[in-house]
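Visitor: Before we go residue by residue, could you show me how to read a model like this one, giving the general idea each time and then the case at hand?

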Amino acid sequence: MADEANRTAFVDLQGRMIETTAKLKQVVNQMRMKEGEKKRAYLTLEELKQVPEDANTYKTIGKLFVLEPKSVLVNEQEQKLRDSDNAISSLSTTKEILDKQLGEIEINIRELLQQDPSLAQQIMNMAVM
């Protein structure tokens, strides 16, 4: 009976580990995307700063170019930069939480396998096949 309970606990921990790992990969990908957006906004802002105030500046909307004052474009890029920073810090916090959860799951699996060597042996036999 205890053997079956340990096996059920292992399967549950394994499922949680797979789920947490998938969430962690998703958060890392989102962070990477936000870093790219931040870099694009920063580079665009730097280029806009070099443009004279009286120059015509255009904003793209799909395939359309719309005449906009330089100040509007600068404000939009600064807002994108702030939004990206906020999203990155939020995602970073989420990543830390998921890393901690993953570590706890790994510890629980290790403890379970140390408590029940026969379960560890069964898992090793399954991996060989």
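Guide: Let us begin with burial, where a residue is called buried under 20% relative accessible area, exposed over 50%, and partly exposed in between, using a 1.4 Å probe and protein chains only. In the protein chain, buried residues make up 20% of the 129 residues. This is a predicted model, in which local features need pLDDT of at least 70, side-chain atom pairs count only at pLDDT 80 or more, and totals for chains, interfaces and linings use all residues. Residues are numbered from 1 along each chain as its sequence is written, and side-chain values use heavy atoms, with hydrogens and water left out.

Visitor: Which pattern does the protein chain follow along the sequence?

Guide: Helices (H or I, at least four residues) and strands (E, at least two) are DSSP runs, numbered from the N terminus. Here the protein chain has three helices and two strands, and along the sequence they follow the pattern α-β-β-α-α.

Visitor: What share of the contacts in the protein chain with a separation of 6 or more comes from residues 24 or more positions apart?

Guide: A contact means heavy atoms within 4.5 Å. Of the contacts with a separation of 6 or more in the protein chain, 70% are between residues 24 or more positions apart.

Visitor: Where does Ala41 lie, and which residues does Ala41 touch beyond those up to four places away in sequence?

Guide: Ala41 is found in helix H1, and Ala41 counts as buried because its relative accessible area is 2%. Leaving out residues up to four places away in sequence, Ala41 touches Gln77, Lys80 and Leu81. The C-alpha atoms of Ala41 and Gln77 are 5.3 Å apart in space, although the two are 36 residues apart in sequence.

Visitor: Is Ser89 buried or partly exposed?

Guide: Ser89, whose place is in helix H2, counts as partly exposed because its relative accessibility is 42%.

Visitor: Is Lys70 buried or exposed, and which backbone oxygen lies 3.1 Å from a polar atom of the side chain of Lys70?

Guide: Lys70 lies in helix H2, residues 70-115, and is classed as buried because its relative accessible area is 8%. The backbone oxygen in question belongs to Leu48, 3.1 Å from a polar atom of the Lys70 side chain. Apart from neighbours within four places in sequence, Lys70 is in contact with Leu48, Lys49, Val51, Pro52, Glu53 and Thr57. Ala55, in the loop between helix H1 (2-50) and strand S1 (57-61), has its C-alpha 7.9 Å from that of Lys70, and Ala55 counts as partly exposed because its relative accessibility is 29%.

Visitor: Which residues does Leu119 touch, not counting those up to four places away in sequence?

Guide: Leu119 lies in helix H3, residues 117-128, and counts as buried because its relative accessibility is 1%. With residues up to four places away set aside, Leu119 touches Asn6, Arg7, Phe10, Leu112 and Leu113. By contrast, the C-alpha atoms of Leu119 and Lys80, 39 residues apart along the chain, are separated by 52 Å.

Notes
A polar contact is a pair of N or O atoms within 3.5 Å; within protein, one must be able to donate a hydrogen and the other to accept it, and residues adjacent in sequence count only if both atoms are side-chain atoms.
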